[in-house]
Amino acid sequence: MRVLITGGAGFIGSQTLLQLLGEQHEICVLDNYSNSSPMVFERVAMLSNSAFELVEGDVRDRDTLAKIFEGFRPEAVIHFAGLKAVGESTTFPIRYYENNMLGTATLLQAMDAVQCRQIVFSSSATVYGVPKYLPYDEAHPCIPTSPYGRTKYFIEEMIRDWSAATPTASAVILRYFNPVGAHSSGIIGEDPNDIPNNLMPYISQVAVGKLSKLQVFGNDYDTRDGTGLRDYIHVVDLARAHLNSIDYVAGSAGVETFNIGTGEGATVLEVIQAFEAASGQTIPYEINQRRPGDIAAFYANPAKAHNLLDWRAKFNLANMCRDAWNWQSKNPDGYVQGPK
Ligand code: NAD
Ligand code: UFG
């Protein structure tokens, strides 16, 4: 299938690009590199031994999109492009609304102009907000607690309205839990711009000596050991969910929403232990205050993805830590030099 990947230079997009190339899909990537580097593509090309089209541009730019839709004529779109930092979204909310929502509206209009009706959208478990019950299933109420989370929820609604008005439309909304890890080769992985906000890249940078110690945000939560509990999902498993979703949208109409997680939770202290075991490094840490806005615990009920997408996670926390460490130790500064 001819697939447009927006945000395909990013952490999850690049892993998905690699897997789609492995299945002989024809790919065009659109990215403005606001949170990524085009250097990732050399590495994807090396791993896949395949060619693909690249367009540097913004998903909010109608002219760029029109050229892609008239030239490459995608049959389906996987829409990753967006801003994703929860904390930053509280400081610059309009930047998030503009980038994420206007970007998606512009994209859906460009798709309509050429009757491209199939989309897979990157949503997030953050749309659920404070758990009313766990595990979250897809019917759990959505009351997101940050501007970022609200952009994801409003985009979901936008896609539902678009689909209702467009009988041939087919959309899959994937609510990712906590994506971590890297390709097993250590050649592509997560390369945050600044000091990482998220746990696993922070631990990786402590392990490799770039940061001195981890701050554990709170140990007085109602969890097994008092630290926050999340459903970590290997990014390679997550990327594979997009392959199944592309097949799914090709054979269906309407909108389906899926949780993409393992169904298992791990606490911060358990992640530290697993990372130490995988890397052979000690991770110094200290207990600090709770991070404002954090939820004690959440994890997925992934049964719907098992049943309808025939998808389930294959990798466990030890695998995630092994691959994150392999990537980080081979690329301590990310995509600054050729692959080792
Ligand atoms: P990422 O920042 O690594 O990738 C996003 C890519 O989109 C980047 O390459 C960035 O340069 C590009 N981009 C951003 N705005 C753009 C625009 N206007 N036009 C063109 N390109 C643009 O993030 P990621 O972790 O790969 O996340 C991908 C998607 O999944 C995002 O939509 C994110 O919100 C969502 N998501 C991520 C997580 C996570 O923890 N990583 C969790 C849930 C959902
Ligand atoms: N944590 C620390 N120290 C750190 C970073 C995190 O103790 O330096 C803790 C947090 O308090 C939390 C757990 O580690 O208990 C996980 O935190 P992350 O920041 O890695 O992940 P979040 O669950 O807070 O959020 C992430 C993304 C969101 C996304 C959500 C669900 O940042 O965008 O996963 O997909 F919505």
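Tutor: Contact means heavy atoms within 4.5 Å. This is a predicted model, where local features need pLDDT of at least 70 and side-chain atom pairs count only at pLDDT 80 or more, while totals for chains, interfaces and linings use all residues. Residues are numbered from 1 along each chain as its sequence is written, and side-chain values use heavy atoms, without hydrogens and water.

Student: Which residues is valine 249 in contact with, leaving aside its neighbours within four places in sequence?
Tutor: They are Gln118, Ile119, Val120, Ser170, Ala171 and Val172. Alanine 171 is 78 residues away from valine 249 in sequence, yet 6.1 Å away C-alpha to C-alpha. Valine 249 itself sits in helix α8, residues 235-250.

Student: Why does valine 249 count as buried?
Tutor: Buried means under 20% relative accessible area, exposed over 50%, and partly exposed in between, with a 1.4 Å probe and protein chains only. Valine 249 has 1% relative accessibility, so it counts as buried.

Student: What makes glutamine 24 exposed?
Tutor: Its relative accessible area is 64%, so glutamine 24 is exposed. It lies in the loop between α1 (11-22) and β2 (26-31).

Student: Why are α5 and α6 called roughly parallel?
Tutor: Angles under 35 degrees count as roughly parallel, over 145 as roughly antiparallel, 65 to 115 as roughly perpendicular and the rest as oblique. Helix α5 (residues 93-113) and helix α6 (residues 147-165) pack at about 20°, with axes 9 Å apart. Therefore α5 and α6 are roughly parallel to each other.

Student: Which residues make that contact?
Tutor: Among them are Tyr97, Met101 and Leu108 of α5, and Phe154, Ile155 and Trp162 of α6. The residues of the contact divide into 14 nonpolar, three polar and two charged. Ala, Val, Leu, Ile, Met, Phe, Trp, Tyr, Cys and Pro count as nonpolar, Asp, Glu, Lys and Arg as charged, and the others, Gly among them, as polar.

Conventions:
Chains are lettered from A and ligands numbered from 1 in the order in which they are written. Axes are lines fitted to C-alpha atoms, for helices over the stretch in contact, and angles run from 0 to 180 degrees between N-to-C directions. Helices (H or I, at least four residues) and strands (E, at least two) are DSSP runs, numbered from the N terminus.
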